[in-house]
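Here is a short report on one protein chain. Look over the sequence and the structure first, then read on.

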Amino acid sequence: RFKISLSISGTALELLQQYRPDVLEQLKKLNKTNCVEFYGETYHHSLGSLYSVTEFAEQIQLHKELIRKTFGKEPVVFRNTELIHNNSLATVIQKAGFTGVLCEGAERILKGRNCNRVYAAPGEHT
């Protein structure tokens, strides 16, 4: 046995429901194995986090509700579009109820830090 994590936007789930309900049913069957976790993300796989905190927070909640409605699970780890992250986004994500964030691990961003460590945003307590 092994476990996987999937990130599926709300838009993709809408399209599956409309055009490929068979694929959505297979995802639901996979979900019942308890070997899959669904990441939270922005509903439209958008760059909303770069332009509007309000839009970003709204899309997070819409996506979280859709995952809960579709799969009966609440996502606990968040994955932003293109793995964009900064400390101010961490506050919004934490307030949305997430306990972890998947972030970019490029060396130019990490500046010598280890990408295999767990980090906390300054001022955040988990």
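In which strand is Ile4 found? Ile4 sits in β1, which covers residues 4-6. The model is a predicted one.

Ile4 itself is partly exposed, with a relative accessible area of 30%. The class follows because partly exposed lies between under 20% for buried and over 50% for exposed.

**Largest pocket**

The largest pocket holds about 880 Å³ of space. Its lining takes in 27 residues. Nearest the centre of this pocket lie His85, Cys103, Tyr119, Ala120 and Ala121. Helix α4 gives the most, with four residues. By class, 15 lining residues are nonpolar, eight are polar and four are charged.

Most residues other than glycine have a negative phi. Asn34 has a positive phi, near 60 degrees. Glu82 also has a positive phi, near 60 degrees. Asn34 lies in the loop between α2 (21-31) and β2 (36-38). Glu82 lies in the loop between β3 (77-79) and α4.

Are these two residues, Asn34 and Glu82, buried or exposed? Asn34 is exposed, and Glu82 counts as exposed too. The table gives their values.

| Residue | Phi | Relative accessible area |
|---|---|---|
| Asn34 | near 60 degrees | 51% |
| Glu82 | near 60 degrees | 55% |

Both values count as exposed because the cut-off is over 50%.

Technical notes: Residues numbered from 1 in each chain as written. Predicted model: local features only at pLDDT ≥ 70, side-chain atom pairs only at ≥ 80, totals over all residues. Heavy atoms only, no water. 1 Å grid on protein atoms, 1.4 Å probe; cavity = no way out; pocket = protein on both sides within 12 Å on 5 of 7 lines; lining within 4 Å. Points joined across faces, edges and corners; volume = space filled by probe spheres on them. Helix = DSSP H or I, 4+ residues; strand = E, 2+ residues; numbered from the N terminus. Nonpolar A, V, L, I, M, F, W, Y, C, P; charged D, E, K, R; others polar. Buried < 20%, exposed > 50% of the residue type's maximum accessible area, 1.4 Å probe, protein only.
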